[in-house]
Amino acid sequence: MATAKKKETKKKVTVKKSAAKAVKPAAKKVGAKKVVKAAKPAAKKNVKATTAKVKKSTIKKVAVAKTTTEVVTTVKTRKPRAIQIATNKAIESLKQMAVMVPPSLNKEIVVKSEPAKAIIPAQAQPKTSMAVKEKVEEKMEERPQAKDKSYNPQAIEKKWQDKWEADKLYRAVIDTSKPKHYALTMLPYPSGDLHIGHWYAITPSDARARYMRMKGYNVLFPMGFDAFGLPAENAAIKEGIHPMKRTFENIERMRKQMRTMGAMFDWEREAVSASPEYYKWTEWFFIQLFKQGLAYRKMSAVDWCPNCNTTLAREQVWGDDRHCERCGTPVIKKNLDQWFFKATKYADELLNFDDMDWTQTVKTLQTNWIDRSEGAEVKFRIASNQSSVNSNQSELNTDDWSLITVFTTRPDTLWGATFMVFSPEHPLVDKITTEENKSAVNEYKAQAARQTEIQRGAVDKEKTGVFTGAYAINPVNQKHIQIWIADYVMMSYGTGAIMAVPAHDERDFAFAKKYDLPIIEVIRPDVETLHATSLQAAYIGAGEMVNSDQFNGTKVSTEKGRKNPGIVTVLDWIAAQGIGKESINYRYRDWLISRQRYWGAPIPMIHCETHGWNPVPEDQLPVTLPEDVEWRPTGESPLKLHPTWKNTICPICGGPATRETDTMDTFMCSSWYHLRYLSPKYDQGPFDQAEYDYWMPVDTYTGGIEHATMHLLYTRFFHKAMRDAGVTKGKEPMIQLRNQGMVLGEDNDKMSKSKGNVVAPDLLVNKYGADSVRAYIMFFARWEMGAPWDSQGIEGTVRWIRRVWTLFTDSVSNGLETDERMNASDEVRKNLRRKVHQTLRKVTRNFENFDFNTVVSSLMELMNEMYKAREAGAAGTDAWKEAQEIYLKMMAPVAPHISEELWTNHLGKPYSIHTQLWPAVDEEATREDSIEIPVQVNGKLRDKVIVPAEASEDEIRAAALASEAVQKYLEGKEPRKVIVAKGRLVSIVV
């Protein structure tokens, strides 16, 4: 190399292309540059002068274009004038050489001149020149054809997406020679464009499915659209477009957007819940549930918007004031005849999570939502209507409305029940309320209807209520007690009516104190005597029964159900007396599926005045939605207002009958979509049995945790009910469940168009390419937690992708100079293999555990190590080739397009990388030669010692004590204790 004082002169020469034979100059290693001999001046008489004065002449670049060849020379010399002459003549000779470079080699060639002895006119030494030329030509023939090194993600990604689709690379078919893996991610609503939340849910799930395929599994990864229901209908109403038209236009748009992800969707299995071919079987499933006695119709309270005149689903009611999402009007409760599924029949089974690899969070949410309670049902008579009371009170199944059923977990406190409280929505409130109390009761009911159950059930909420004017009779002591309504009692728990025991329930105590109602102590602590007048709070501990007639002195514990001696004694007694029975209650309610909307699967039921409700004959399915309907909200089901659609004939007698005009909750459609993916075009049933037997159950299900207590519970109920009908098999539909978090806006708030913080993935793909977006989505946050979006953070991921491209496409990494670069020491090669296999082990574990962010970070770290190894001469070695192959295989699930391009077109490996097997970890290669162990003295870090990886505890202890830094802190004293903690830490106590 020239010194810093040497002067550099650069000159560019453009030489016209010639048809001469290709000549590759003989190479000599100089740094990372290509070395070529033979720079020949035009005249022999100047050779000696040139040789004497030229120390080095470096030809930096010869670029071959279609019609021209550029030769850039840098001449370093102590005497510029003398060297210029030789340089000009050398260039003329190089022109002759340059025209021999074939047009197919569209690559940079770095040429370095040798001392003047190489710059000899061809005619002066023909034998030497011809020998060099022949050697160069021979090397040119051996040299692999150069590849395009430019990185154009948009072109690369579109090319591979088209090829994968044309080749049906991701088509999943039954293959009994492989283990199957059914990977499923929650399907989206087609209410608008894809947003970054869709990408955050889908792309990591796709990467996991790709990983499983490379592990040797036959993977099914389908996609579809949950096209019915609220989101699609709201979007249609807002834009004034028919829901059917709007939905299918959106599906087409979203389908195209999804293809840009490069996901391994099997599009031949696409299912759209709003297509008649799909909802025919949704209706069929309803009929099966009806035949099993699991579908029934009853009057029930619903959320109602008095301005829109329509029923609202739970998700349509927003805010603390419970207002309508569409118009902002506070909602009220309204009683309507509705269809239900008897989901509570499976409550106990739904609490069993054995053999389910579901997150503990979801299990806890479902357990709390179902909320199983052991206790008793007790009948209270209404005193003000005794003339109509059934005299045989032992008959608990009476339909007499004046017998009120109460569920209690503490039948041992019945003697302390001093008043009764109804939910404001209880259907008997209007019947029992006296005339003078009606105004106050109605006003309170309206006020309670505007609150959420969470607000009403809050422990710290002030208790309020209104007396109905009615009385009930306590069945254990025949005392008259007042009946109140209060918002802390809800129809969603028990029977919507409670017996209030203020001495032993905190809410009842607060209510009784506020309205000056009786408080009677019936459980007394063993250690002291309490009196009602001195009670400052409800007592809920153990003790013995008092003021309870013949049960006084009975011991009471804090256990639940029959484990409590007081409860079991009273349970047996009330059953013998005919005033109650043992019972189990659930907070979980039966599934209300009726919707007074147009855009949903029709409920396939027909009502005849003579024969009541009967299902549509199965050979008449599907009952299709009419297109000519007024689909905007009018207060009644749009199907009810259609002039002809609801009119039909009774399947029993053939007489005039009416169709059910309600449609089904969209969760009914999504409860079985995983089954329709198995055979979406099958018309002999909801699925092909052969496909079911091979693919089910779902092996891995991914989606948002917000569906824990609705969709996921409904799907489990549906599977169990259909299992009992002989349609499905097994305990559960999904074996493994994993949930992603939420992507927030950069303002740390939930993304929404109104807030202007929505991230459009299409723009990112157009700017950076899908691989960069995929990688950043997997990298920027822990997948199960989510995080605010960072628009600047993606730049780092983009740089990583481009650095990978450069590492795999430059001439050194591709092995074009392996004959001169394979000079890495054994240590360099060993260290490279160690890092590669350590990374492979970590990435494999991370894919198994859904730790996607650390997959990407590990690949980034390994790339840096590969750059270092290449500079140390590793390129072209077996260790380097292995590193290249393993790196791209690990990268393939994350960035499928660039991995395919580099694997197939730059490494020349067999197409496709996505059908290659996941590499196996060489555990021997991962072993460290030495390890660094921190050494503490009296709990403070004082030094780190390096010991062989296989060092024993004694050897580690000796190394730590031999440390000069440690000896300094020992101050010549013998340590009292030396602890070698798991061979990874030494703790010395002085």
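Let's start with the largest nonpolar core. A nonpolar core is a set of buried Ala, Val, Leu, Ile, Met, Phe, Trp, Tyr and Cys residues joined through side-chain atoms within 4.5 Å. Buried means under 20% relative accessible area; exposed means over 50%, and partly exposed is in between, with a 1.4 Å probe and protein chains only. The largest core has 175 residues, and Trp789, Trp800 and Tyr887 touch the most other members. Which helix gives the most to this core? Helix α26, residues 852-871, with ten residues. Helices here are DSSP runs of H or I with at least four residues, strands are runs of E with at least two, and both are numbered from the N terminus.

A word on the model. It is predicted, so local features need pLDDT of at least 70 and side-chain atom pairs count only at pLDDT 80 or more, while totals for chains, interfaces and linings use all residues. Residues are numbered from 1 along each chain as its sequence is written, and side-chain values use heavy atoms, with hydrogens and water left out.

Back to Trp800. Contact means heavy atoms within 4.5 Å. Not counting residues up to four places away in sequence, Trp800 touches Ala775, Val856, Leu859, Met860, Met863, Tyr887 and Met891. In general, nonpolar side chains tend to be buried together in soluble globular proteins.

Met499 takes us to strand β17, residues 497-500. Ala497 and Met499 point one way from β17, Ile498 and Ala500 point the other way, and all are buried. Two strands pair if DSSP finds at least two bridges between them. Strand β14, residues 419-422, pairs with β17 in the antiparallel sense over four bridges. Phe419 stands opposite Ala500.

Next, an open sheet. Its four strands run in the order β25-β24-β27-β26, with antiparallel pairing. Why is one side of β25 and of β26 left without a neighbour in the sheet? Because β25 (612-615) and β26 (647-649) stand at the edges, each with a single partner strand. For β26, three antiparallel bridges join it to β27, residues 656-659. Thr648 has Ala657 in β27 as its bridge partner.

Now the cysteines. A disulfide is a covalent bond between the sulfur atoms of two cysteines. The rule here is a pair of cysteine sulfur atoms within 2.5 Å. By this rule the count is zero. Take Cys650: its closest cysteine sulfur is in Cys653, 3.7 Å away, so that is too far for a bond. Cys650 is buried, at 3% relative accessibility. Cys305 is buried too, at 0%.

Thr433 lies in the loop between α11 (429-432) and α12 (438-449). Is Thr433 buried or exposed? Buried, with a relative accessible area of 8%. A polar atom of the Thr433 side chain lies 2.6 Å from the backbone oxygen of Val429. Beyond its neighbours within four places in sequence, Thr433 is in contact with Lys438, Val441 and Thr468.

Last, Ala770. It is found in helix α22, residues 770-779. Ala770 and Lys158 are 612 residues apart in sequence, yet 9.9 Å apart in space, C-alpha to C-alpha. Leaving aside neighbours within four places in sequence, the contacts of Ala770 include Glu157, Trp199 and His897.

Notes
A polar contact is a pair of N or O atoms within 3.5 Å; within protein, one must be able to donate a hydrogen and the other to accept it, and residues adjacent in sequence count only if both atoms are side-chain atoms.
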